[in-house]
Amino acid sequence: VIGPAVYVHPSAIVECDTVGPGTRIWAFAHVLKGALIGRNCNICDHCFIEGNVRIGDNVTVKTGVSLWDSVTIEDDVFIGPCVAFTNDIYPRSKRYPERYVPTLVRKGASLGANCTIVAGVTIGVYAMVGAGTVVTRDVPDFALFYGNPGRVRGYACKCAKVLRFANRRRMTCECGEGYQLRKGAWVNVAEASRDRIRQSR
Ligand SMILES: [Zn+2]
């Protein structure tokens, strides 16, 4: 339900019923019925959001972004201006697929301006995708990913700075955060130990 703590610009069209408190939706944005938008989001001018789209909390969607059916955005994601999502990998005019191909952007990830996300990929936790990148494959957690087609070029901290390798299984950031390779995936050391304590309770 859209509560009083939601700001919708008088020139926006919001047809969905579920927008979390603190969210702002700016001019010429259009949100279709069925879309789920979390708390404290900022949906900027000229965004278009279809009905089968879920957006978590604290998400920023900069100007001119279309989120098509089957796109899911987790909490704390930044989507730069004019990022292009897709949901059909065999597009032809007037031919509709049986179902759209899902795309998942995981918690904390950032997508640079004008990058293109080919349908069916998962963008990992806190991944940093450079401006103009064409993403044709899954992006690992914390990866610094750019180019055309995009590749893993390094790793980024939660704070967005580039991580330095201490050895092959450990990376550190100048902000003090540490990362470890566990079962083939990079994890934030402080977060992993917090999770362990929670599980042992
Ligand atoms: Zn850092």
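**View 1. Strands S15 and S18 pair in the parallel sense**. Strand S15 covers residues 103–105 and joins S18 over two bridges. Pairing here requires that DSSP finds at least two bridges between two strands. Leu104 stands opposite Thr122 in S18. The two strands belong to an open sheet of six, in the order S3-S6-S9-S12-S15-S18, with parallel pairing. Strands (E, at least two residues) and helices (H or I, at least four) are DSSP runs, numbered from the N terminus.

This is a predicted model: local features need pLDDT of at least 70, side-chain atom pairs count only at pLDDT 80 or more, and totals for chains, interfaces and linings use all residues. Residues are numbered from 1 along each chain as its sequence is written, and side-chain values use heavy atoms, with hydrogens and water left out.

**View 2. Asn42 sits in strand S7 (residues 42–43)**. Asn42 is buried, at a relative accessible area of 17%. Buried means under 20% relative accessible area, exposed over 50%, and partly exposed in between (1.4 Å probe, protein chains only). Leaving aside residues up to four places away in sequence, Asn42 touches Arg24, Trp26, Val59, Thr60 and Val61. Contact means heavy atoms within 4.5 Å.

**View 3. Four cysteines coordinate the zinc ion**. The donor atoms are the SG atoms of Cys157, Cys159, Cys173 and Cys175, at 2.2 to 2.3 Å. Donors are N, O and S atoms within 2.8 Å of the metal (3.2 Å for Na, K and Ca); water is not among the atoms, so sites may look incomplete. The site is tetrahedral, with angles of 106 to 118° among its four donor atoms. Four donors count as tetrahedral if all angles lie between 85 and 135 degrees. In sequence, the donor residues follow the spacing C-x1-C-x13-C-x1-C. Cys173 is buried at 7%, whereas Cys175 is partly exposed at 44%.

**View 4. Lys33 and Asp17 form a salt bridge**. Their side chains meet at 3.6 Å, N to O. Lys33 lies in the loop between strand S5 (30–31) and strand S6 (36–37), and Asp17 in the loop between strand S2 (13–14) and S3, so the pair ties together parts 16 residues apart in sequence. A salt bridge is a side-chain nitrogen of Lys or Arg within 4 Å of a carboxyl oxygen of Asp or Glu. The structure holds six salt bridges.

**View 5. Arg198 and Asp195 meet in a salt bridge**. The N to O distance is 3.2 Å. Both residues lie in helix H1 (residues 189–200), three residues apart, about one turn of the helix. Arg198 is exposed at 53%, and Asp195 is partly exposed at 32%.

How values were computed: Four donors count as tetrahedral if all angles lie between 85 and 135 degrees; four count as square planar and six as octahedral if opposite donors are over 155 degrees apart and all others between 65 and 115; anything else is irregular.
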